[in-house]
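Reader: I would like to learn how to read a structure feature by feature, taking the general idea before the particular case. Could we work through one together?

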Amino acid sequence: DISVWLEFRRVLFRSSNKQTLSVALKELEEIGLLDKTVIQLKPLHIEYNLSEKGKSLIPVFKQLEGLA
């Protein structure tokens, strides 16, 4: 769900610059929370989606949101 991802990004990377965000996305991909798709267009397009492991954390994020 794109709204969950956008909220996840907003909370975790609120003050991030582009370089910091790139590093964070790579780390999230490496630990299996994101799937990365490279689309061979000009310019190159990279898409990130929550993996099944990442989706399994949605209930946790929703519970944390309720604590705020």
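Author: Gladly, and please keep in mind throughout that this is a predicted model. We can begin with charged side chains, for which a search of the whole structure finds 1 salt bridge.

Reader: Which side chains meet in that salt bridge, and how are they placed in the helix?

Author: The general idea is that side chains of opposite charge can pair when their charged atoms come close. Here the side chains of Glu-52 and Lys-55 form the salt bridge, with 3.6 Å from N to O. Both residues belong to helix 3 (residues 52–55), where they are 3 residues apart, or about one turn of the helix.

Reader: Is Glu-52 buried or exposed, and what is the relative accessible area of Lys-55?

Author: Glu-52 counts as exposed because its relative accessibility is 61%, and the cut-off for that class is over 50%. Lys-55, with a relative accessible area of 40%, is partly exposed.

Reader: How should I read the strands, and in which sense do strand 1 and strand 2 pair?

Author: In a regular strand the side chains alternate between the two faces of the sheet. In this model, strand 1 (residues 34–39) pairs with strand 2 (residues 45–50) in the antiparallel sense, over 6 bridges. The two strands form a hairpin with 5 residues between them, and within the pairing Lys-36 stands opposite Tyr-48 in strand 2.

Reader: Finally, is Ser-51 buried or exposed, and which residues does Ser-51 touch?

Author: Ser-51, which lies in the loop between strand 2 and helix 3, counts as buried because its relative accessibility is 6%, and the cut-off for that class is under 20%. Leaving aside residues up to four places away in sequence, Ser-51 touches Gly-32, Leu-33, Leu-34 and Asp-35.

Note on methods. Residues are numbered from 1 along each chain as its sequence is written. This is a predicted model: local features need pLDDT of at least 70, side-chain atom pairs count only at pLDDT 80 or more; totals for chains, interfaces and linings use all residues. Side-chain values use heavy atoms; hydrogens and water are left out. A salt bridge is a side-chain nitrogen of Lys or Arg within 4 Å of a carboxyl oxygen of Asp or Glu. Helices (H or I, at least four residues) and strands (E, at least two) are DSSP runs, numbered from the N terminus. Buried means under 20% relative accessible area, exposed over 50%, partly exposed in between (1.4 Å probe, protein chains only). Two strands pair if DSSP finds at least two bridges between them. Contact means heavy atoms within 4.5 Å.
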